[in-house]
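User: I would like to go through this model with you and ask what stands behind the words we use for it. Could you help me?

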Amino acid sequence: VSDDVVRMALVHCKFSGGSTPGERVKDVIEVSSQALRSARWVGKFPQLVQHLKARNEPAKRGGRPTRFIKGDTSDLNRIVKLHRFRPIATEILIAQPGLSKSKRTAAQSAVLAAGLTYVKETVGIDISILCSA
């Protein structure tokens, strides 16, 4: 949260399932699919907050720790109140362990390009990809 905007980053990460990290197209398909599904939350911050709260409750009741990495539900409620006076700047990121920019395959590139294009055309934002050089 800053004085003029609430920054929301939807980060998607997929464990590499192959013997050599980053080699499987399936991993890129799965993490890209997660990113595509998250695009539905762009422009729906209050609904996303309710969804996050609902997902956190069963974890607490089952004895598992909270899903929050930093902060808690009261921090989230504070941000919701601030959101009424500040726009939400949403970004979607894909973090794929082992994926290499220089060694990615044509199939991996095609999957990523399709996902990036879909999100850009449907909700008007770019996806950032975090990978090795």
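**Strands, cysteines and a serine**

Analyst: Gladly! Eight bridges join β1 to strand β2 (residues 88-100), and the two run parallel. This is a predicted model, where local features need pLDDT of at least 70, side-chain atom pairs count only at pLDDT 80 or more, and totals for chains, interfaces and linings use all residues. Residues are numbered from 1 along each chain as its sequence is written, and side-chain values use heavy atoms, with hydrogens and water left out.

User: What makes β1 and β2 a pair?

Analyst: Two strands pair if DSSP finds at least two bridges between them. Eight bridges join β1 to β2, so they count as paired. One example: alanine 9 has glutamate 91 in β2 as its bridge partner. Strands here are DSSP runs (E, at least two residues), as helices are (H or I, at least four), numbered from the N terminus.

User: Which strands are at the edges of the sheet?

Analyst: The open sheet has three strands in the order β1-β2-β3, with parallel pairing. β1 (6-13) and β3 (127-132) are called edge strands because each pairs on one side only.

User: How do you know that cysteine 13 is in no disulfide?

Analyst: A disulfide is a pair of cysteine sulfur atoms within 2.5 Å. The nearest cysteine sulfur to that of cysteine 13 belongs to cysteine 131 and is 12 Å away, so cysteine 13 is in no disulfide. By this rule the count comes to zero disulfides.

User: Why is cysteine 13 called partly exposed?

Analyst: Buried means under 20% relative accessible area, exposed over 50%, and partly exposed in between (1.4 Å probe, protein chains only). Cysteine 13 has 48% relative accessibility, so it counts as partly exposed. Cysteine 131, at 34%, is partly exposed too.

User: Is serine 100 buried or exposed?

Analyst: Serine 100 lies in strand β2. Its relative accessible area is 12%, so serine 100 is buried.

User: What makes the link between serine 100 and serine 102 a polar contact?

Analyst: A polar contact is a pair of N or O atoms within 3.5 Å; within protein, one must be able to donate a hydrogen and the other to accept it, and residues adjacent in sequence count only if both atoms are side-chain atoms. The side chains of serine 100 and serine 102 are joined at 3.2 Å, so the term applies. A polar atom of the serine 100 side chain also lies 3.2 Å from the backbone nitrogen of lysine 103.
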